[in-house]
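These are my notebook entries on a single chain model. I set down what I looked up, entry by entry.

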Amino acid sequence: MHQRELAITLWRQTWPMAIGVLALLGFQLVDSAFIARLGTAPLAAQSFTFPISFLIIGIQVGMGIAIAALISRALGAGESERATRLSSLVLMTGGGVIGLLAIALWAFHVSIFQLLGADDTTLGYIRAYWAPQLFSAWLGAMLYFTYSVFRAHGDTKLPGKIMVLSSLINLVLDPLFIFGLGDWQGWGLPGAAWATAIAFAVGLSVTSYKLARRRWASQHGLWLEAKQSWRPFTGIAAPAMVSQLMPPLAAMLAISVVAGLGESEVAAWGLASRLETLSLMVILAMTMSLPPWLGRCYGAGDWEQIHQLMGLAIKVALVWQLSLGIVLAAGAPWLALALAGNPDVQSELTLLIRFLLPSYAALGICMLVVSAGNALGWPLRAMLLSSARLFICYLPCLWLGSQFFGWWGVAAGAAIGNLLAGLMAWQVMRRILSRPHRQAGYANST
């Protein structure tokens with residue numbers, strides 16, 4: 001496939017997911033913007049829950065990576081019946097794993113949030129919010145697993161549409177459930193979680209119906225398939241989950257550092273975390289659309305196209321993310337004003353935006369290399385790279401910055417950590433793909 005045709009195909013695969021990610025992450029940012037109007041304390045309480053929510057997301061994404069990799073490889077090898085059995089197995093297993101995790105996180109939530117630095121007032125807000133938030137997280141995980149099945153079959157349009165639909169439902173329900181209507185005062189902070197739960201439930205209903213209509217899930221031969229596939233599934237899912245669990249663990253450590261600086265700093269950090277995921281929408285979309293494509297190429301032994309795809313994806317990441325980061329950094333004061341009601345939070349958020357947003361170009365490269373590694377049979381390397389990004393590059397720079405320069409040092413340290421991670425990922429990818437049996441087309445892709 002020529003470079004131009006490859007770029008057009010990548011665009012067609014990625015843009016529906018980019019719009020969906022924009023909608024999905026946009027409504028999460030809208031959640032935070034509405035909650036900010038309740039006051040600094042509720043916003044800080046929600047910010048404390050982000051690392052634990054990311055823990056659930058990390059496990060679901062790790063399982064989703066394994067789903068997409070195994071199903072796309074089966075399809076690439078012409079094993080369509082096996083692909084339907086795999087779809088059913090991972091949906092059932094994923095629902096059970098996330099459900100048990102949610103129960104455990106509710107049982108120990110007081111101890112967890114106390115360890116993160118939440119005071120009694122913040123714990124009061126968290127206690128009311130956490131149960132509906134865990135329920136919505138389970139629904140969101142099930143919805144994500146169905147997205148993974150669609151993406152493995154090369155359909156990125158339906159997941160993108162459902163993400164938009166669920167975000168619109170959430171956008172309508174958020175102000176109603178948070179602030180109420182007429183004499184009803186609403187549910188406050190828990191209202192945001194209930195709005196999200198309803199939005200995810202609607203999306204899950206639609207995707208489940210579509211899966212049944214397309215017969216991409218099977219009810220037969222599941223036990224035999226489970227005995228045959230649990231080793232390869234675990235071989236991909238376990239390192240991928242560890243890779244995905246590193247960010248929430250790092251986020252817990254990061255917010256414990258930030259918590260020592262004050263409540264407004266925690267609130268600003270929480271808003272910046274929401275803004276980070278939104279600004280990385282194209283990268284996140286490519287980490288969803290690219291691995292199934294790479295998995296099919298891997299199954300067919302087409303290393304030339306793998307080289308071309310990775311080279312193109314990294315160029316897109318650099319140009320798009322750096323351009324977006326510079327524009328948003330220039331408009332940081334106005335963006336902070338739109339997101340935060342408290343002047344102190346606005347000032348602290350402005351500083352974070354100016355430092356962090358441009359550095360996401362390097363972070364995007366690292367994210368693409370990690371997702372490609374899981375699709376191409378390098379799950380252990382992907383896990384080690386993800387761990388090194390956070391615990392060698394990001395957290396040490398963040399902690400050192402906070403110790404010597406306070407809030408300014410937190411922003412600068414996080415940005416430097418992202419730059420170091422991007423350089424490291426680039427070198428790892430070049431070294432792996434330059435091996436003799438993978439060199440075809442490499443010179444053309446760099």
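**Entry 1: Arg215.** I looked up the accessibility of Arg215 and found 69% relative accessibility, so Arg215 counts as exposed. The classes I use are buried for under 20% relative accessible area, exposed for over 50%, and partly exposed in between, with a 1.4 Å probe and protein chains only. Arg215 is found in the loop between H7 and helix H8 (222-259). I noted that Arg215 has a positive phi of about 55° although it is not a glycine. Helices here are DSSP runs of H or I with at least four residues, and strands are runs of E with at least two, numbered from the N terminus.

**Basis of the entries.** The model is predicted, so local features need pLDDT of at least 70 and side-chain atom pairs count only at pLDDT 80 or more, whereas totals for chains, interfaces and linings use all residues. Residues are numbered from 1 along each chain as its sequence is written, and side-chain values use heavy atoms, with hydrogens and water left out.

**Entry 2: the salt bridge.** I next asked how many salt bridges the rule gives. The count comes to one salt bridge, the rule being a side-chain nitrogen of Lys or Arg within 4 Å of a carboxyl oxygen of Asp or Glu. Arg214 forms a salt bridge with Asp155, and the closest N and O atoms are 2.5 Å apart. Arg214 lies in helix H7 and Asp155 in the loop between H5 and H6, so the pair ties together parts that are 59 residues apart in sequence. I recorded Arg214 as partly exposed, at a relative accessible area of 35%. Asp155 is buried, at 13%.

**Entry 3: H6 and H7.** I then examined how helix H6 (residues 157-179) and helix H7 (residues 189-214) are set against each other. Their axes come within 8 Å and cross at roughly 155°. Axes are lines fitted to C-alpha atoms, for helices over the stretch in contact, and angles run from 0 to 180 degrees between N-to-C directions. The angle makes H6 roughly antiparallel to H7; angles under 35 degrees count as roughly parallel, over 145 as roughly antiparallel, 65 to 115 as roughly perpendicular and the rest as oblique. The crossing of H6 and H7 is right-handed. A crossing is right-handed if the near helix is turned clockwise from the far one by less than a right angle, and left-handed if anticlockwise. By class, 14 nonpolar, six polar and three charged residues make up the contact of H6 with H7. Ala, Val, Leu, Ile, Met, Phe, Trp, Tyr, Cys and Pro count as nonpolar, Asp, Glu, Lys and Arg as charged, and the others, Gly among them, as polar. Contact means heavy atoms within 4.5 Å.

**Entry 4: Gly180.** I looked up the loop between H6 and H7, where Gly180 is found. Gly180 is buried, with a relative accessible area of 19%. Leaving aside neighbours within four places in sequence, Gly180 is in contact with Pro175, Gln185 and Gly186.

**Entry 5: H4 and H5.** For helix H4 (residues 109-116) and helix H5 (residues 120-152), I found axes that come within 11 Å and cross at roughly 140°. H4 and H5 are therefore oblique to each other, and their crossing is right-handed. H4 contributes His109, Val110, Phe113 and Gln114 to the contact, and H5 contributes Leu123, Ile126, Arg127 and Trp130. By class these are five nonpolar, two polar and one charged residues.

**Entry 6: H2 and H10.** The axes of helix H2 (residues 40-76) and helix H10 (residues 281-300) come within 8 Å and cross at roughly 40°, which makes H2 oblique to H10. I noted a right-handed crossing for H2 and H10. Ala68, Ser72 and Arg73 in H2 meet Pro292, Gly295, Arg296 and Tyr298 in H10.

Entry 7: Thr14 is buried at a relative accessible area of 7%. Val90, in helix H3 (residues 80-107), also counts as buried at 7% relative accessibility. With the same exclusion of sequence neighbours, Val90 touches Ile67 and Phe233.
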